[in-house]
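Hi,

Here is the structure I promised to pass on. Have a look first, and my notes follow below.

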Amino acid sequence: MAEPAAVLELAGIHKSYGRGSSLEVEVLHGIELSLLRGEFAALIGPSGSGKSTLLNLIGLLDRPSSGHLAIDGAATAGLDDRALTRLRGRRIGFVFQHHLLIPAFTALENVMLPMLAARGRPDGEMRQRASDLLSQVGLGERQHHPASQLSGGQQQRVAIARALVMRPSLVLADEPTGNLDTQSADGVFALMRTINEQQGTSFLVVTHDPRLAGRCDRQIELVDGRIVADTQRTG
Amino acid sequence: MHPWLPFEWIAATRFLREGRMQSLLIIVGVGVGVSVIVFMSALLTGLQGNLLKRTLSSQAHIVLLPPEEIARPQRADAGVLQKQAQRLRSIDQWQNIRARLAAMPEIAAVSPVASGPAFAVRGEANKSVTLLGIEPAHYTRIIALDEKIVAGSLRLNAGEAVIGNELARELGAGVGDKLRLNSASGATDTLTITGLFDLGNKGVNAPNVYVGLRTAQTLLDLVGGVSSIDLGLVDIYSAETIARRLTAETGLQADSWIKTNAQFFTALTSQKVSSNVIRFFVGLSVAFGIASVLVVSVVQRAREIGILRAMGTTRGQILRTFLLQGGIVGLCGSLLGSLLAWLFLSLWQTLARNPDGTPMFAITVELWLVLVSAAGATLVGILAAFIPARRAAALDPVVAIRG
Ligand SMILES: Nc1ncnc2c1ncn2[C@@H]1O[C@H](COP(=O)(O)OP(=O)(O)OP(=O)(O)O)[C@@H](O)[C@H]1O
Ligand SMILES: [Mg+2]
């Protein structure tokens, strides 16, 4: 069975906050977007334009006010919280700006977390996969360190390994390099790029760094809740 | 991370371990609460058991007597209802009744008794006594007279008697001495003292003279009859209910120890009620303590909960993680509490002593008490965690991660 070419399809997505109150604001106004398997796209735009909001919708952390959203060809509209959680756990990996590891867990355990949540209890295969991924992101030596004792760049690498552990179709990264110095940022970005090329995982990366955005296959620009530009890098 | 432990257990223990100070304080708090409950329960069980033992060591659980005779006018002109003069009466068909009683599963022992007033005479001394004719083998299953013998032995063949050591002192008699008994009906018998007992209760000690059933029947002019049937029960607290039922079934008057010791029993009951009230409120404050710590923990961990949710953790998993934390705190606290209670009790027992240095009475922290309090505290912990756990599960991951 051939997998659908689009990992993500959005059609007519609207998102309002404070619905039903006098403070209701619409943040996204009819987003049309699709992302192909293996694409590495940057989501750019000024602060407050709705990038994080859009990422949360795609990541099934929040629901659109209206519109069609499909992950790997599966529409999400009618799903309950449990089903959304399942889908999120299996198909989507998250990397946040502030690393957001669980400090009480070691690096290895943080990477195992999505598998642990999905399967209920740890097993050897899970441990092996997490360990392999940590080696892949260059942290093979630091597996058993508590997450809180790693540097910012190291934590972000752990977060990337964690995002990949379930072999998701799509990794969503919200300013993954925002807190890092240029050198670490380049390292983290290069790592994501390598994984994208080797494993064909799609990435949607929010960034304020034009230099990094320029190294993506595609740049999607959001202004005031509307996509104003969507350009493929040529050459 | 042990391979067999579920996610919820791993997360719950990690969270508790990470919040070291908070966890420690609340476990100690729960421990103090549980120790109060365990200490109080053990003390009360010991105290009440001791009092009950003392009370019931010298009386039957139920005493069956002939029905009270219906009072009838003695003289036509008096027109006053009067009780008939006390006269020893036998229980009709007592052998039949005895057999029926012995067959009831809730009755542990049946002992027919022929008793009545008499005078004990020895030389110049003359004492009013209560003569009790018993079958020792049955009687001792209700009142452990055999264990209370301080001199001689409990041997009640024809012509033999066992008396209290107090009475023996007053009469100046000892084991092997002769004792003459005069009953109210005018019969007389001379008996050999085979044993002295000490029931540890002066009122009972002084006037009792035990003889064989047959000896008493002859002396009391009650040949072939018994004046009462003593019963020992399996469950002493059902005495009153069983007594009522026996009255209805046999027509006999049935006096339960609960009725004969009404004040004592009321005191026991109210002690139990007040200790339950204390238990309830201590349990409540333990629950509030656990709940408040977990509420704070949910607020502190909002971000982590948000990440867990983003990583595919379900609401149910989050809910159970926090319920489990409540349960673990309750369990650890209760084990600590049992230990503390045991320490208190040991201390208490070294301090609370009789003037002669022996412990006032034995109290122990029994295993069932530890198990019950552990189960209770775990349950209270889980229930207390319910509100915080629901809040944790309901957290909006978007808000939690951004916050
Ligand atoms: N929960 C909310 N309730 C009300 N308004 C919200 C909420 N979340 C976001 N907004 C609003 O939606 C708009 C878009 O916010 P969003 O966080 O998506 O912007 P962004 O593009 O990610 O900005 P930045 O680059 O600064 O991260 C903002 O005006 C913000 O105030
Ligand atoms: Mg943002």
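A residue counts as buried here when its relative accessible area is under 20%. Keep in mind that this is a predicted model.

With that cut-off, Phe203(A) is buried, because its relative accessibility is 0%. Phe40(A) also comes out at 0%, so it is buried too. These two rings form a stacked aromatic pair, with 5.1 Å from centre to centre and 25° between the planes. The pair links distant parts of the chain, as Phe40(A) sits in strand 3 and Phe203(A) in strand 8 (residues 202-206) of chain A, 163 residues apart.

Phe40(A) has another partner, by the way. Its ring and that of Phe189(A) make an edge-to-face pair, 5.5 Å centre to centre with 70° between the planes. Phe40(A) belongs to strand 3 (residues 40-44) of chain A and Phe189(A) to helix 6 (residues 182-199) of chain A, so this pair ties together parts that lie 149 residues apart in sequence. Taken together, Phe40(A), Phe189(A) and Phe203(A) are linked by ring pairs into a cluster. Over all chains, the count of aromatic pairs is eleven.

Now for the ligand. Ligand 1 lies between chains A and B, and 13 residues surround it. The closest are Ser47(A), Lys51(A), Ser52(A) and Thr53(A) from chain A, plus Arg402(B) from chain B. By type, the shell splits into seven polar, three charged and three nonpolar residues. Helix 1 (residues 51-58) of chain A gives the largest share of that shell, with three residues.

Some of the distances to oxygen atoms of ligand 1 are worth a look:

- Ser47(A): an N or O atom of its side chain is 2.4 Å from a ligand oxygen.
- Thr53(A): a polar side-chain atom is 2.5 Å from a ligand oxygen.
- Ser52(A): an N or O atom of its side chain is 2.8 Å from a ligand oxygen.

On its own, ligand 1 has 630 Å² of accessible area, and the protein covers 64% of that.

Ser228(B) is placed in strand 9 (residues 228-233) of that chain. Is Ser228(B) buried or exposed? It counts as buried, because its relative accessibility is 6%. Beyond its neighbours within four places in sequence, Ser228(B) is in contact with Val63(B), Leu64(B), Leu65(B), Ile91(B), Ser111(B), Pro112(B) and Val113(B).

Cheers

Terms used. Residues numbered from 1 in each chain as written. Chains lettered and ligands numbered in written order. Predicted model: local features only at pLDDT ≥ 70, side-chain atom pairs only at ≥ 80, totals over all residues. Heavy atoms only, no water. Helix = DSSP H or I, 4+ residues; strand = E, 2+ residues; numbered from the N terminus. Buried < 20%, exposed > 50% of the residue type's maximum accessible area, 1.4 Å probe, protein only. Contact = heavy atoms within 4.5 Å. Near = heavy atom within 4 Å. Polar contact = N/O pair within 3.5 Å; in protein donor to acceptor, adjacent residues only side chain to side chain. Areas by Shrake-Rupley, 256 points an atom, 1.4 Å probe, with all protein chains shown as cover. Nonpolar A, V, L, I, M, F, W, Y, C, P; charged D, E, K, R; others polar. Phe/Tyr/Trp six-rings, centres within 6.5 Å; stacked < 30°, edge-to-face > 60°.
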